[in-house]
Number of protein chains: 2
Amino acid sequence: MIKKTFRNTALRNTILEIFSRSEKPLSIVELTELLAKNDFFPNKTTLYRQMETLCATKKLQQVSLAASSSMHYELASQHHHHFVCTDCNQTLCVEDSDLEKQIASLEQKLSLNGLKVQAHHFSIAGLCENCH
Amino acid sequence: MIKKTFRNTALRNTILEIFSRSEKPLSIVELTELLAKNDFFPNKTTLYRQMETLCATKKLQQVSLAASSSMHYELASQHHHHFVCTDCNQTLCVEDSDLEKQIASLEQKLSLNGLKVQAHHFSIAGLCENCH
DNA sequence: TCACAAACGCAAATAAGTTGCATTTACTAA
DNA sequence: TTAGTAAATGCAACTTATTTGCGTTTGTGA
């Protein structure tokens, strides 16, 4: 098994900074916009590959949001769940420790049944205060 | 407000039959394959529009599965959650009434906070028994 | 400071889903 | 029973998200 060395590049550091400052998961498009404000204009292929590397090294993780057709990402250390407005796409973080516990217990149960759990995806779609 | 009349077509009835026989959510591609076995070869545009109509009339509902990039659908009356193998794509239904309750209570809480909940999406990604 | 793998950019390809428009068909009302 | 109308369908072209191949640049350990 060959170990890939993880390099420090200005782009990568900036990406991680942006994610650590963001309160919500970001898509490639959103990330591109935020990078532009920091004077980075990387090719989209580079960004997709950054996401791949950063997810593989557990720095980030994928988040699939109910109302969106594109993948979103967040810091792996900041995993939580979201409400997404189907009209304006606004995203709100939803905290519910009981739900977390219930999910953890379900995952535990699945592990005992011979499945290896890698991730869970949960989100709620609906209309936010402004949109209904 | 104009009411659209919902028509019965052979294709539509077959689609609903296929979903009622299926134990797991189906993507457009999977549906196309099953329709072919019933000698239906509809255009993909037609299928996307069928999904639109059938979801709007609450016969079906969208399901986003963790390990997949394409939308899946299931009978609205059969809503449950799924485990998806990231390797072989096998899908297993996961029953957990406590989790359901917890989600319902969270949705209730969100409603009281001025949000209109339309749907939730939950799935677990991992490796099935055969793949690890 | 050199070599090599990791990171990057560009162009083209693929996959999922959508739109416009013309044609066909199910259903309703006469 | 039939004629009119809106729903359903098909086709081609388009958009958006993501991936692949390949050549070039750059960070980092020896």
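In chain B, helix α1 (residues 10-21) and helix α2 (residues 28-37) have axes that come within 10 Å and cross at roughly 110°. Angles of 65 to 115 degrees count as roughly perpendicular, so α1(B) and α2(B) are roughly perpendicular to each other. The model is predicted.

**Helix pair in chain B**
- On the α1(B) side, the residues that meet α2(B) are B:T14, B:I15 and B:I18.
- Their partners in α2(B) are B:L31, B:L34 and B:L35.
- By class, the residues of this contact of α1(B) with α2(B) are 5 nonpolar and 1 polar, with no charged residue.

**How chains A and B are related**

**Contact between chains A and B**
- Chain A brings 30 residues to the contact, and chain B brings 30 residues.
- On the side of chain A that touches chain B, α4 (97-112) and β6 (116-127) of chain A each supply at least two residues.
- β6(A) gives the most to that side of chain A, with 12 residues.
- The side of chain A that touches chain B has 15 nonpolar, 10 polar and 5 charged residues.
- Strand β6 (residues 116-127) of chain B pairs with β6(A) in the antiparallel sense, over 11 bridges.
- In this pairing, A:L127 stands opposite B:K116 in β6(B).

**Sheet in chain A**
- Chain A has an open sheet of 3 strands in the order β1-β3-β2, with antiparallel pairing.
- Its edge strands are β1 (26-27) and β2 (60-63) of chain A, each of which pairs on one side only.
- β2(A) pairs with strand β3 (residues 72-75) of chain A in the antiparallel sense over 4 bridges.
- A:Q62 stands opposite A:Y73 in β3(A).

**Surface near DNA strand C**
- There are 26 residues around DNA strand C, and A:K4, A:P42, A:T46, B:N8 and B:M71 come nearest.
- Two or more residues of this surface come from each of α1 (10-21) and α3 of chain A, and from each of α2 and α3 of chain B.
- α3(A) provides the largest share of the surface near DNA strand C, 4 residues.
- The surface near DNA strand C divides into 7 nonpolar, 14 polar and 5 charged residues.

**Surface near DNA strand D**
- DNA strand D is surrounded by 25 residues, of which A:N8, A:M71, B:K4, B:P42 and B:T46 are the closest.
- At least two residues of this surface come from each of α2 (28-37) and α3 (44-56) of chain A, and from each of α1 and α3 (44-56) of chain B.
- With 5 residues, α3(B) gives the most to the surface near DNA strand D.
- By class, the surface near DNA strand D has 7 nonpolar, 12 polar and 6 charged residues.

Methods. Residues numbered from 1 in each chain as written. Chains lettered and ligands numbered in written order. Predicted model: local features only at pLDDT ≥ 70, side-chain atom pairs only at ≥ 80, totals over all residues. Axes fitted to C-alpha atoms, helices over the stretch in contact; angles between N-to-C directions. Parallel < 35°, antiparallel > 145°, perpendicular 65-115°, else oblique. Contact = placed C-beta atoms within 7 Å. Nonpolar A, V, L, I, M, F, W, Y, C, P; charged D, E, K, R; others polar. Near = placed C-beta within 6 Å. Pairing = 2+ DSSP bridges.
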